[in-house]
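Q: I'm new to this one and would like a walk through it. Can you take my questions as they come?

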Amino acid sequence: LGLHSFPEKSETVTPAEAVPAPAASESPAPPAESSQHTEGGNITFTAKVAGESLLKKPSVKWFKGKWMDLGSKVGKHLQLHDNYDRNTKVYTFEMEIIEANMTFAGGYRCEVSTKDKFDSSSFNLTLFLFPSETNCGFLLLHSTEGHDDGAEFNFSSLLKKRGEGKSESQSDVDVWDILRKAPPTEYEKIAFQYGITDLRGMLKRLKRIKKEEKKSTAFLKKLDPAYQVDKGQKIKLMVEVANPDADVKWLKNGQEIQVSGRYIFEAVGNKRILTINHCSLADDAAYECVVGDEKSFTELFVKEPPILITRPLEDQMVMVGERVEFECEVSEEGATVKWEKDGIELTREETFKYRFKKDGKKQYLIINESTKEDSGHYTVKTNGGVSVAELIVQEKKLEVYQSIADLTVKARDQAVFKCEVSDENVKGIWLKNGKEVIPDERIKISHIGRIHKLTIEDVTPEDEADYSFIPQGFAYNLSAKLQFLEPPKIHLDCLGQSPDTIVVVAGNKLRLDVPVSGDPTPTVIWQKVNKLLFESEGRVRVEMHEDHCVFIIEGAEKEDEGVYRVILKNPVGEDKADITVKVIDVPDPPEAPTISNIGEDYCTVHWQPPKYDGGQPVLGYILERKKKKSYRWMRLNFDLLKELTYEAKRMIEGVVYEMRIYAVNSIGMSRPSPASQPFMPIAPPSEPTHFTVEDVSDSTVSLKWRPPERIGAGGLDGYMLEYCKDGSTEWIPALPGLTERTSALIKDLVTGDKLYFRIKAVNLAGESGAATIKEPVTVQEILQRPKFWLPRHLRQTLVKKVGETVNIVIPFQGKPRPKITWLKDGQTLDSKDVGIRNSSTDTILFIRKAELHHSGLLDLELKAKVFSYVSSADKPGPPQNIKLVDVWGFNAALEWTPPQDDGNAQILGYTVQKADKKTMEWYTVFDHYRRTNCIVSDLIMGNEYFFRIFSENLCGLSETAATTKNPAYIQKTGTTYKPPCYKEHDFSEAPKFTHPLVNRSVIAGYNTTLSCAVRGIPKPKIFWFKNKMDLSGDAKYRMFSKQGVLTLEIRKPTPFDGGIYTCKAVNECGEAEIECRLDVRGNQTNPTGNPSTAMKRQ
């Protein structure tokens, strides 16, 4: 239930906030706020009831006070309305007061009820009179000194009408100003209105203040004529004296005030201040400040807070001769109030009919024997509030012989409400839900003697309501209900639409509350797919209540899914509805995942969706792994995986792992899948290193290499060696299976074939990358001229002592292998005397014990068979048609053709050289280069290069080289220097004090200084002030400023120099100021000889 009040005129209203009606089990809604209106306007109170859970239209009653049913007051000044919004399902009930007067003020209550629910809301209505020009109040516009100081009267304040004063409730009323301007006949009325207890004392003070005062020589500024302060607050009374050393006395009602905790005396320069803390009514007095023979007078008024009415009067109804007692409660005990009846003040002198009583904060008005003339509106007034109540005095009591009774009827039947009262002359009205019943062809109203009847023909559901009969002139309300006998009805939101589906999680309890209605109470039958369900059948249970039936399934399972039908039957009819129940669960566990693409520390996991998703779509998957010998599973993802694959990383190479998967839907997480097959993260080794050709013959190639840099946890099973013919893409295994050696001899090759070779390292994880020989290898014996290298120590005479061992090792080269012959002095050495060992790369001469006859000249001869039949071969000519094709970046492209003269031997390759134009020093770029084009890289920017090429055969390099005609210029990239753009920094800064002024207390007569520090850019301008007065032109003060340190020197200060000193710094960026207090104490030797003066200064 929510209440609103709406004025139909332009008035200030504070409506209550709308609150939905609670169910029967909920607590009542909080009472609505009070509403304030102006007399004479129209007022509408609106109650809104949420009807979503209500099967019928609720019954609403409006009351004034505790007992007065406003349904009996419907007429010219009071109307009741109601309507229903089908979109929002909200019932709206309105009570409209037309041309409101003061009698309508008071407490109201709205009650809403249905068959099994009830709610109510209370509110107050306050009415104000129209403001008039003759009814004016005065508001004080005051200024305060400090936050909690007492206010001083401002006699130039503006007049404000009382109507305007409502919005300025915080302003204080200047009672003193009102008394000064009001005529004497209004004094007593003003005293009651503003709570003045000592009116005569105030009038005496008023005469005293009106006297004109003479101009004073001792005071520069006297006390104001009067001060006003609220009770409990603080106030300061201040004068300014001409002589700063003068002594003053403070008097209260002629008695000198002594220093205490509540009274504080201060002397600041020429000012003398009396501070009164926590003002009470005892401080309401006349005060004087005495300096020598002169005095300054003032009046202090302590104002008490207004008296409020905390509990208002209540309406009453009594019989003639009964005792009447009106009671209210105010905010203070023993307060003075005024009682009125119909606007006329009540006094004790009126035949002692009325008796007034006070009991603490409670105020009573008692009428011992009431009469008919005592009926009316009684008002209690204070200076802070008004409360009105109505008294109704009845001459006699009306007896009800037969009251109207509740009726239950069927459709198209007749309903008759009948009542009988004691007075046959009494008339009355019939109400339906608070609205007067208007007779028509179907509804008849009759009054025969003492019997009153309301007859309704052909009853319809719209006739179901609360009916009341109200006798005129009596506060009676005879009520009864008309209940329409209705067929059974199932109240589901989905009726008339597609069948309702109820979703329940497997294992949870399913409870279906189906609201039903029908009179008499219908019988409920539940069915599932043509199967009858009894009240107790395993996990299924059926309960029946007055307005709803309950269907319960304990621990729902998949088998409980289906369509359930509820059937209602009573003598009037039948109704049924279908409800679809769907049971959802977590998904089934997926199948075991599969592992693929295993690497050094990673693998790829694949899985399939679960066969049953639990009735809800699968939201994602959760993956876990563990070590084979461990029991602890570790989660790999925190966000659900949407895909059916996942790359697991950060595993340890060589450790055996297992994986499992969970499926997740909106209900929860499935059971885990079976673990995957165990797997071990292993990475293949890196490719072998230093893969080179060691030797080539007409049918064999000898290769060698080094192990890979990284082998890994999988070890190394061996090497796979392959070759591919030039121009083909097919790689042929060079060896059967794998080899564990780091060298290999490949046999049975075809002479003249050009072959590419590659090698791979192999372990459990697979093959490594391939190490290849970039250039093809020609299967052909490489002829090499015999040559030996004589060690340095053998290039001179070798001296050995007799008996020492002689071991001479001489390396050589030559293909085919040359014949080796050792000679001594031109003769062949005897192998019996010396030992000779020959290998493919060196020859060794060994003498176990040297003797004198071993001395002599040793010769070594190397002979190769090839030179016996290639004696006609010669060096080739230079290459032809060399071209500089292109130059880009740091590169140059060259092309040439083979030499015209190959020296009667095959061209084995070319040697490419470059030279900088500046130095012309040649450096070899490529050696034994077999192609007729090349790209020279890593050239230097800005230089020019020439290139030359030598051709090579068995006899060596050509005698001359082919050289490029024009140099290749390596251009510099165009770069222009752009100086950086720096934004000019703004160093300007507003003044800021880095060291504050410090409060000081100094001795009079001695120079003193005040110092502080400030910074700011540009340099700020400095100003010094004392008590807000500029000191620039005063010769007594000297100002200094050095490196931001500011100093004010005061020459021989006196007590007059004490006060607040302020330093202000200003520049174009801003300003800053700082202040301190300087107290100047007198010397211990008082020059005036007055000890009290020196003590006062201190």
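This is a predicted model: local features need pLDDT of at least 70, side-chain atom pairs count only at pLDDT 80 or more; totals for chains, interfaces and linings use all residues.

Q: How much of the chain is buried?
A: Buried residues account for 39% of the 1098 residues in the chain. As for the surface, the chain exposes about 63,800 Å², and carbon and sulfur atoms supply 50% of that area.

Q: And what share of the contacts join residues at least 24 apart?
A: If you take the contacts between residues at least 6 apart in sequence, 64% of them join residues that are at least 24 apart.

Q: Changing topic, how many cavities of 30 Å³ or more are there?
A: The structure holds four cavities of that size, and the largest cavity contains about 130 Å³ of space. Its lining is made up of 14 residues, and those closest to the centre are Val-60, Lys-61, Asp-69, Gly-434 and Ser-468.

Q: Which elements give two or more residues to that lining?
A: Those elements are β4 (59–64) and β38 (465–471), and β4 gives the most to the lining of the largest cavity, with four residues.

Q: What classes of residue line the largest cavity?
A: The lining of the largest cavity is divided into five nonpolar, six polar and three charged residues.

Q: What about the second largest cavity, how much space lies in there?
A: About 50 Å³ of space lies in the second largest cavity, and its lining consists of Val-60, Trp-62, Leu-80, His-81, Asp-82, Phe-93, Glu-94, Asn-433 and Lys-435. By class, the lining of the second largest cavity has four nonpolar, two polar and three charged residues.

Q: Which element gives the most there?
A: Strand β6 gives the most to the lining of the second largest cavity, with three residues, while β4, β6 (78–85) and β7 (90–97) each supply at least two.

Q: On to cysteines, how many disulfides are there?
A: The count comes to zero disulfides. Taking Cys-1076 as a case, the nearest cysteine sulfur is that of Cys-1012, which is 8.5 Å away, whereas a disulfide needs a pair of cysteine sulfur atoms within 2.5 Å.

Q: Is Cys-1076 buried or exposed?
A: Cys-1076 counts as buried because its relative accessibility is 3%, which is under the 20% cut-off. Cys-549 is buried too, with a relative accessible area of 0%.

Q: Where does Ser-676 lie, and what is it in contact with?
A: Ser-676 lies in the loop between β55 (657–664) and β56 (689–696), and at 4% relative accessibility Ser-676 counts as buried. Leaving aside neighbours within four places in sequence, Ser-676 is in contact with Pro-593, Ile-595, Glu-658 and Met-659.

Q: Last one, which strand is Val-1014 found in?
A: Val-1014 is found in strand β83, which covers residues 1008–1017, and Val-1014 is buried, with a relative accessible area of 10%.

Q: What does Val-1014 touch?
A: Not counting residues up to four places away in sequence, Val-1014 touches Pro-991, Lys-992, Phe-993, Thr-994, Pro-1020, Ile-1022, Gly-1044, Leu-1046 and Ala-1065. Although Val-1014 and Lys-992 are 22 residues apart in sequence, their C-alpha atoms are 5.6 Å apart in space.

Methods. Residues are numbered from 1 along each chain as its sequence is written. Side-chain values use heavy atoms; hydrogens and water are left out. On a 1 Å grid over the protein atoms alone, a cavity is a set of points where a 1.4 Å probe fits but cannot get out, and a pocket is an open set with protein on both sides within 12 Å along at least five of seven lines; lining residues have an atom within 4 Å of a point. Grid points are joined across faces, edges and corners, and a volume is the space filled by probe spheres set on the points. Ala, Val, Leu, Ile, Met, Phe, Trp, Tyr, Cys and Pro count as nonpolar, Asp, Glu, Lys and Arg as charged, and the others, Gly among them, as polar. Buried means under 20% relative accessible area, exposed over 50%, partly exposed in between (1.4 Å probe, protein chains only). Contact means heavy atoms within 4.5 Å. Accessible areas come from the Shrake-Rupley method with a 1.4 Å probe; for residues, only the protein chains shown count as cover.
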